[in-house]
Amino acid sequence: MPRRALITGITGQDGSYLAEHLLDLGYQVYGLVRREPESMQWLRRIAHRIEFTYGDLRDSVSLETAFRKAWPDEVYNLAAQVFIPTSWEFPADTFDVNAGGLSRLLQIAAREKPDTRVYQASSSEMYGNSGGPCNETTPFCPASPYGASKLAAHHLCRIYRGRGLYAVGGILFNHESPRRGPEMVTRKITRAAAAWAKGDRTKLRLGNLQARRDWGFAGDYVRAIHLMMQQEKPADYVIGTGDSHSVADFVEQVLQVLRQMTGDSDFSGPIERFVEVDARLVRANEIYDLRADARLAREEIGWKPTVDFKGLVEMMVKADISALREAASAA
Ligand code: NDP
Ligand code: GDP
């Protein structure tokens, strides 16, 4: 019998990579979706192999229906309100989805099928400005409603684990890919880069260029998510590359890729030729530097990343250039 997995957030970046990974491993995959088909752009290749079920993390009845249909061995709770500025505009809604959603799923799993394993998409944003590399023992100090909602959910996992449920929180640092949401800074930059490659010289407006993140490749991180769920004893793990780069570094790396791809020396010089700071995008409660210490994951679940910073930037720039070309030829 194939193992059965229910993925919430299957239409998103991580959900789509995880679905591909689990199908490759022979799982029967069920996905919770709010709508179709526009939201399924990353699933087109595999959609026919997935059982979809409608639902929303805010709605217990839909979650119960999805759970009973999937009758899962493993639930991967990846759905969330993910954008930090939005969490300031809609803090209560962010909590309802990000913490309330998990609480509903945990209650259903504990009541209906307590041998179900539950994965929660926890986040490095729970650390706030702790400073220095963060591991599983670093104190949490979230700086946004998003971070606080993720911390509440993370603690819920621990509480249910204490009551015997297999529940783990994967503390993932920022991970990106060509499927990253366009509102996030990396994808915002690589989409602009595709326009620059076509000759457009519109400057991209960004916020804090000095903020640093530990950016890895989402395809690597979903392997970690699955590995965590296969351990004999449930435990939380930090996942990240261990290196951090600034937003300015990201732009510089993008320009280097464009220079290599086009041979055009125009893609050199100060990044200010391509980007400008917009004070409205500078965050009041900024987290200045996030960097993972993922030694435990390396030692206990045997995980390490395969794509470095340069490789990630190149992959994203090339994908956005191709996407722009395809859109132009389809028009
Ligand atoms: P995406 O923004 O790509 O995907 C979010 C998913 O959540 C979408 O499928 C979206 O569906 C779904 N969703 C949002 N609200 C609801 C809701 N109310 N009910 C049901 N589904 C909903 O996020 P990522 O793939 O990047 O992230 C996956 C998870 O990992 C998230 O929980 C995120 O907070 C967490 N995380 C991500 C990190 C990263 O760097 N990517 C770092 C650390 C944690 P729809 O298509 O309908 O909008
Ligand atoms: P986050 O780490 O989940 O907040 O991921 P983001 O990609 O949204 O932001 C990463 C960092 O880039 C944060 O420190 C932001 O303040 C910074 N940043 C600078 N300019 C921008 C911008 O225009 N958009 C976004 N999303 N982030 C920006």
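**Around ligand 2**

Author: Please keep in mind that this is a predicted model. If we sort the shell around ligand 2 by class, we find eight nonpolar, three polar and seven charged residues.

Reader: Okay, and which residues are the closest to ligand 2?

Author: Ligand 2 is surrounded by 18 residues, and the closest of them are Lys188, Gly207, Arg213, Arg283 and Glu286.

Reader: What does the side chain of Arg283 have 2.6 Å from an oxygen atom of ligand 2?

Author: That is an N or O atom of the Arg283 side chain, 2.6 Å from the ligand oxygen.

Reader: How much of ligand 2 does the protein bury?

Author: On its own, ligand 2 would expose 540 Å², and the protein buries 96% of that. Two elements, helix H6 (185-197) and strand S9 (204-206), each give two or more residues to the shell.

Reader: And which domains does the shell draw on?

Author: At least three residues come from each of domain 1 (4-176 + 215-239) and domain 2 (185-213 + 245-288 + 307-326).

Reader: Switching topic, is strand S2 mostly covered or mostly open?

Author: Strand S2, residues 28-33, is mostly covered, with five of its six residues buried. It pairs with strand S1 (residues 4-8) in the parallel sense, over five bridges.

Reader: Which residue in S2 is opposite Thr8?

Author: Thr8 has Leu32 standing opposite in S2.

How values were computed. Residues numbered from 1 in each chain as written. Chains lettered and ligands numbered in written order. Predicted model: local features only at pLDDT ≥ 70, side-chain atom pairs only at ≥ 80, totals over all residues. Heavy atoms only, no water. Near = heavy atom within 4 Å. Polar contact = N/O pair within 3.5 Å; in protein donor to acceptor, adjacent residues only side chain to side chain. Areas by Shrake-Rupley, 256 points an atom, 1.4 Å probe, with all protein chains shown as cover. Helix = DSSP H or I, 4+ residues; strand = E, 2+ residues; numbered from the N terminus. Nonpolar A, V, L, I, M, F, W, Y, C, P; charged D, E, K, R; others polar. Domains from an automatic or database assignment. Buried < 20%, exposed > 50% of the residue type's maximum accessible area, 1.4 Å probe, protein only. Pairing = 2+ DSSP bridges.
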